[in-house]
Each structure stands twice: as C-alpha cells, then as structure tokens.
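Colleague: Before I plan my reading of this model, could we go through a few of its features one at a time?

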Amino acid sequence: MFALKSVSPNLLPLLKQYFGFTSFRPLQEEIIRDSLAGQDVFALLPTGGGKSLCFQLPALARDGLTVVVSPLIALMKDQVDALQAAGVPATFLNSSLVAGEGRARLRGLHNGEYRLLYVAPERLLLSGFLEDLKRWNVQLVAVDEAHCISEWGHDFRPEYRQLAQLRELFPKVPFMALTATATGRVREDIVTHLKLREPKCYVASFNRPNLTYRVIAKNKPYDQLLDFLRSRPKDSGIVYCLSRKATESVAERLNENGIKARPYHAGLTPKERSEHQELFLRDNIRVVCATIAFGMGINKPNVRFVVHYDLPKNIEGYYQETGRAGRDGLPGECVLLFSAGDVVKQTTFIDEKPNPQERQIAREQLQQMVHYAECANCRRVELLAYFGEDYGRAVLLHGQADQPASPTEAGCGACDNCLSPRATFDGTLAAQKFLSCVYRIREKNGFGVGLNHVVEVLTGADTEKIRKWGDEQLSTYGIGKEHGRPEWAAIGRELVRLGFLRQTAEKFSVLEITNEGRAALKERRKVTLTKPVAAPETKVHHVGEISCDETLFERLRELRKRLADERDVPAYIIFSDVALRQMARNYPESERDFARISGVGEKKLREFGEVFLREIAAHLLTNPRQIFADDSFVVPLPQRSSLGDTARETLRRFRSGDAPAEIASSRGLVVGTIYGHLATAIEAGEAIDLGQLISAEAQAEIAAAFKRTGWGNIVGARELLGEKYDYGLLRIFRAAANART
C-alpha cells in the first residue's frame with residue numbers, strides 16, 4: 001500500500017527514495033514548498049532544468065490527486081512510464097487508449113489508486129470529465145508547456161485558453177504553470193489567462209552551460225550533415241527540417257548511408273509517429289529527422305546533438321529545440337545551418353498567414369532569429385539577452401564553474417563566435433554606400449523600399465521595379481559591384497543590427513535610416529563589419545564531461561538496452577547516461593556503493609542493483625581498473641540562480657547573529673529549510689561564516705567523508721558519518737567547498 005505523507009515533509013528522503021537524487025536543482029525546493037503551502041506558482045525553468053519534479057514530488061508528499069495538463073500524448077506516456085518505474089502510482093488518459101484500458105484507469109481514479117493523472121486540455125474540459133474531477137480529491141493542477149496559452153508564444157494553442165474554467169471549478173486548489181521558454185510578454189499572458197492568484201514567480205537562468213552553439217554557412221547541407229554524423233558514430237540526436245518532404249528525404253538518404261534514421265511530422269499516421277518516436281527513445285535508431293511537431297516534452301536525456309537543417313521561425317522555438325540536447329547534464333552540440341535563402345522561404349510562409357497580427361508577430365520573430373544567426377557576438381550572450389538575462393552579470397555574480405571570469409570580454413568558450421571569432425574588416429566605405437543608397441531612394445521616390453531593392457540598386461540590376469521607379473538614374477545605382485548580392489544583403493542586415501538602419505515588420509518591409517545612421521553618414525564615421533558565418537574547426541570545450549572507463553560504459557549501455565527491451569520501455573527509464581558513467585568511473589562493488597550512484601532510488605536498487613554489480617565485476621575480471629584524477633569529475637552542481645526574498649531574509653537574520661533554530665522558530669519553518677536557504681545563498685555567491693554552523697573538527701570529518709563518496713553524494717556521505725549531521729549542513733558544507741574552488 002502506498003504510504004501517505006505529511007503535509008510538510010522532509011523532502012530530501014522522498015527525493016532519494018523515488019528519484020534517486022540527493023539534492024534539488026535550483027528553485028525546485030522553493031517551488032515545491034510554495035505549492036504544498038497552497039500557493040499558485042509560475043515556474044520558468046530551462047529544458048532539462050527539472051520542471052516535472054516540481055509537481056511530481058508534491059504529489060508524493062500529500063494525499064489526493066495531482067492533475068497534469070499536457071499537450072502531447074507522447075509526453076504523457078513517457079513521464080508515466082518513468083514514474084511507474086520509480087514506484088510512483090501515475091496514469092494518463094488520452095485517445096491512444098482502447099476502451100477497456102480507459103475504463104480500468106477511470107476505476108482506479110475513482111478508487112483513489114493514483115497520485116498523478118496526465119491529461120490533454122481537450123479531454124480535461126469535457127463536461128462529464130469535469131464532474132469526475134470534482135470527486136477525485138484534486139490537490140494540485142499543473143499546466144505544463146504553459147506558453148501554449150499565449151499568442152505571443154511560439155506554440156500557441158487556442159484550447160489552452162479554456163483552462164481558465166478550472167479556476168472556477170477548483171477555487172481553493174493551488175495551480176502551477178510551467179514552461180521552459182517565455183519572454184516577459186508571454187509570462188504575463190500565462191498569469192492572466194490561467195487566472196493565477198498572486199502567484200509566486202520563479203525564473204531560472206536560461207543558460208545551458210553544457211551545450212555548445214554553432215552556426216555554419218549552409219553549403220551542400222546533406223553532405224555537411226553526413227560528415228557531422230559520421231564524426232559522432234555512437235551519438236544520437238535530432239535533425240530539424242522545415243518541411244515534411246525534407247524530413248523524409250533526409251532520413252531516407254541517411255539510411256542509405258548506413259545511419260539509422262526515421263522521419264517525424266504531422267503528416268504521418270499516429271501509429272507511424274508513435275513507432276518512430278519509440279525507436280528513437282529506445283536507441284534502436286540514432287537520428288530522428290523532424291519538423292517542429294517532434295520534441296515538445298520528450299524526456300530522452302541522452303540526446304547528444306540537435307541540428308537545424310533549416311532556419312527556425314523564432315528564437316523561442318530554436319531555444320526549446322536545442323534544449324532537447326544534453327538534458328542529462330553531459331555535453332550536447334547545437335548546430336544551425338544558415339543561408340539567406342531560408343529567410344526567403346520563411347517569409348513566404350508568413351505571407352500566407354490570414355491573420356494580420358499573426359503575420360506582424362511572425363515577421364518580428366523571424367528578424368530576431370536572423371539577427372542571432374548572423375551576429376558576431378557570443379551566441380550565448382545573444383540568446384540569453386533575448387529572454388532578458390544578462391549572461392555576463394550572472395556569471396560574474398554567481399561564479400559559475402567552467403565559464404570565463406569575464407564572459408563579456410572572453411566569451412562563453414562554447415560557441416563558434418567565441419572559439420573562432422569571425423574576421424572583421426573596415427566596412428566604412430560599404431556602409432557609406434549602403435546608407436547613401438537608402439537615403440537617395442527615399443529622397444527621390446518619397447517612400448522607403450526593402451533590403452532586396454536596395455541591393456539591386458547598388459549592384460546595378462535591371463529589374464521591373466528599377467525601371468518603373470526610374471532608380472537607374474540614382475547616383476548610387478551600380479556603385480556596389482565590388483560585392484555580390486548576398487554580400488550586400490549581409491552588410492545591410494548587419495547595419496540593422498548595429499543600429500544604423502531600422503527594418504519594419506510589415507508585409508512590405510522597408511529600411512529606414514536611424515538618427516545614428518544619419519550621423520554616421522554625415523560624419524563619415526568608421527564602421528567595422530564582420531565577415532559572414534563559416535564552419536569553425538576549433539575544438540570545443542565541453543562543460544559537464546565525465547571521464548570514465550569507456551569500455552565498461554559501452555558494456556553497461558548494452559546491458560541497459562537489454563533490460564529496457566525486456567520491459568518494453570526506453571533505455572533511459574532504467575538509468576541515465578550520467579548514472580552509467582558514474583558506475584564506469586567508481587566501479588561500485590556492493591549495494592551500498594551502488595546506492596550512491598546518482599539516480600539510484602530504492603526500487604531501482606532492488607530491481608537492478610545485483611545485475612549491474614555483476615556486470616561491473618565481470619568486466620574487472622578481464623580489464624584493469626582505471627584511475628581518474630580526483631578533480632576530473634564532480635557531479636554537475638545545480639546552475640546558480642538569484643536569491644529569493646525568503647532566503648535573503650534568512651541570510652540577513654543569520655548575519656545579524658540569530659541561530660538557525662531561532663530563525664526557524666520565529667518564521668514557522670523547520671531548521672532544514674533554514675539550512676537550505678543558507679546553502680542556496682552560498683551557491684548564489686553570498687559569503688557566510690561557516691564556523692558559525694560547523695566546527696573545524698566537523699568540517700574535517702565531513703570533508704573526509706565527501707572525499708570517499710564523491711561530492712555529488714550527500715546521502716552516502718551522511719551514512720559514512722553515522723547520520724550525525726543534518727542533510728542541510730552537508731549541503732552547506734558542499735556549497736562552501738565548491739565556492740572556494
């Protein structure tokens with residue numbers, strides 16, 4: 001029987017028991033505790049940042065049902081499979097179930113057998129279903145992929161707007177809205193349309209330090225893709241294409257070249273889509289060639305690369321799609337093949353939209369995407385700035401490991417523009433010609449024109465528009481023959497990025513000279529321009545790499561695959577690549593050692609401990625044990641985030657001399673929560689006197705324990721110490737030690 005938990009539990013034992021983790025990622029614990037306290041919550045956590053745990057753990061911490069609104073059938077099945085493998089009673093209801101399966105699950109819901117129910121918004125809002133919900137003791141409504149509610153989001157779904165009805169149906173039940181990508185405007189839409197009441201809002205960093213970003217000039221794209229895949233023969237990933245036809249042709253050619261691949265798009269039957277997705281999830285194929293129909297909520301953690309074969313429509317979509325790489329914290333590569341021709345294709349699609357406002361939004365978003373693709377600045381800085389985050393300030397404040405001390409100068413070290421800065425040239429003359437041409441055209445005709453027409457005038461083209469408007473009479477006609485049309489187009493777009501020109505977002509987009517552009521033209525200011533993107537050859541530094549016995553790792557992967565196939569689940573449901581690499585590094589010899597591996601909870605220890613220990617022992621009979629430097633692998637610590645008000649109040653009182661027990665008592669909290677606040681403060685770059693909490697002798701004892709178990713293993717360290725130190729104190733010590741490195 002599933003044991004009931006108290007309303008305000010110690011969450012760490014639950015976290016280890018069901019999910020096999022010893023610490024929370026940034027903001028997870030705060031979100032969970034607010035939800036358990038009855039607060040509405042808005043949570044923006046990046047892909048791979050642990051959104052699902054924010055509603056899964058509260059479902060285990062109290063009686064009743066958590067309803068999860070999810071947009072995709074595949075996501076529901078994926079998460080329910082993983083929860084059931086961890087011993088959590090969860091289910092889903094959607095159109096993929098036959099009648100008998102649906103009735104059995106409904107009976108279970110009526111009998112209170114489940115803690116989590118995943119359901120699509122369309123099913124949820126049926127009148128009969130709403131009546132059922134009232135009888136099922138709903139304690140939390142979690143709306144996943146909440147950006148779908150906003151027409152300014154990259155995946156607007158009108159049915160999400162109807163979810164506001166749930167607030168009227170469950171006025172006292174806390175709501176949680178979660179998304180991985182949303183600008184400020186989209187965040188406001190989510191709070192408004194879901195009718196969240198004074199929600200606690202949490203916005204984590206958008207930075208994914210283990211991902212590298214590259215934009216490559218598109219030239220024979222299939223050959224570029226094939227070379228990329230052949231250089232990574234054991235990695236799996238996603239190739240995003242603009243059209244359904246492209247997904248099928250690319251997948252077919254890859255199979256002909258010996259790379260197992262399948263297409264995925266909305267034109268396939270539901271059965272075909274499901275089969276292709278399952279093949280990918282279970283590592284039976286290496287590559288999925290997909291339109292944007294694929295990927296939302298896909299929980300495959302070992303996607304090692306995402307290639308955009310064509311230009312994405314907007315930065316939100318690009319960010320979310322690239323975020324499907326490296327969800328396990330290990331390195332992931334994100335490659336975009338870019339050509340100006342793709343911009344024309346996207347513009348054509350935009351012009352076909354019937355709604356004028358939708359066209360306006362889409363044009364603005366496409367301009368921002370092109371700006372990102374062509375910019376010479378650090379890709380990471382540009383990407384985060386789009387979402388309102390200052391990457392340089394964040395790293396300097398929080399001291400993030402594996403990043404340069406001054407990112408705005410040294411760059412992130414993990415994108416093409418930082419690793420292989422593009423050459424610049426004195427573009428003063430080119431800028432003068434381009435700006436003069438824009439000015440002369442407007443002066444003569446009385447109206448502005450688009451980028452392509454300016455380029456045609458500069459290069460002396462003989463077109464119908466030039467003849468119609470008499471632009472061959474302009475003094476700037478034909479003065480730019482030293483550059484080809486693509487070069488002039490790139491120059492024009494860079495002048496827009498530099499602020500010398502403004503490009504409107506209407507259907508007939510025109511260029512206008514800004515005040516800055518007029519000053520540059522009049523004063524003949526020096527203008528430095530950047531050469532177009534090209535493929536870099538520099539070796540990329542990967543954040544999150546784990547050194548291990550690669551032979552053993554491959555052996556454990558094969559074992560994991562066999563076990564997964566026997567259970568008819570994806571391989572990562574058994575263990576993540578992170579867990580396998582830890583096994584192949586630490587060579588656990590006992591169940592106690594095995595329990596210290598990240599992701600090993602109670603059920604997985606019982607079910608898989610013996611067979612994996614046996615495989616490791618068999619490997620060591622014929623292979624020497626490899627030795628790794630002590631500091632070459634640390635379990636990636638949570639990415640640091642800004643300090644919330646409640647943690648800051650704890651820090652203020654601690655610094656004023658109050659003991660943790662006093663702070664907890666006066667604020668109605670448990671001491672463990674206060675310890676968590678202090679650990680979060682250290683992780684956010686705040687300095688505290690560790691001696692006020694832990695004596696010098698205790699610090700030495702704790703350090704010795706962590707040295708034996710590894711810094712990522714709080715549970716193991718606590719066991720070695722005879723459980724005489726609180727989890728919170730151990731987390732504080734680890735945070736302080738990490739801050740010193």
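Colleague: Which residue in E6 is the bridge partner of alanine 142?

Modeller: This is a predicted model, so the answer is computed from predicted coordinates. Strand E5 (residues 138-143) and strand E6 (residues 175-179) run parallel and are joined by three bridges. In E6, the residue that pairs with alanine 142 in such a bridge is methionine 176.

Colleague: Which are the edge strands of the sheet?

Modeller: The sheet is open and has seven strands with parallel pairing, in the order E3-E4-E2-E5-E6-E1-E7. An edge strand pairs on one side only, and the strands that do this are strand E3 (90-93) and strand E7 (200-203).

Colleague: Are H15 and H23 roughly parallel or roughly perpendicular to each other?

Modeller: In their contact, Val370, His371 and Glu374 in H15 meet Ala490, Arg493 and Arg497 in H23, and these residues divide into two nonpolar, one polar and three charged. The axes come within 11 Å and cross at roughly 105 degrees. Angles of 65 to 115 degrees count as roughly perpendicular, and therefore H15 and H23 are roughly perpendicular to each other.

Colleague: Which residues lie nearest the centre of the second largest pocket?

Modeller: The second largest pocket holds about 1200 Å³ of space, and its lining divides into 15 nonpolar, twelve polar and eleven charged residues. Among the elements that give two or more residues to this lining are helix H15 (356-374) and helix H23 (485-497). Of the 38 lining residues, those nearest the centre are Thr347, Leu451, Asn452, Gln503 and Ser509.

Terms used. Residues numbered from 1 in each chain as written. Predicted model: local features only at pLDDT ≥ 70, side-chain atom pairs only at ≥ 80, totals over all residues. Heavy atoms only, no water. 1 Å grid on protein atoms, 1.4 Å probe; cavity = no way out; pocket = protein on both sides within 12 Å on 5 of 7 lines; lining within 4 Å. Points joined across faces, edges and corners; volume = space filled by probe spheres on them. Helix = DSSP H or I, 4+ residues; strand = E, 2+ residues; numbered from the N terminus. Nonpolar A, V, L, I, M, F, W, Y, C, P; charged D, E, K, R; others polar. Axes fitted to C-alpha atoms, helices over the stretch in contact; angles between N-to-C directions. Parallel < 35°, antiparallel > 145°, perpendicular 65-115°, else oblique. Contact = heavy atoms within 4.5 Å. Pairing = 2+ DSSP bridges.
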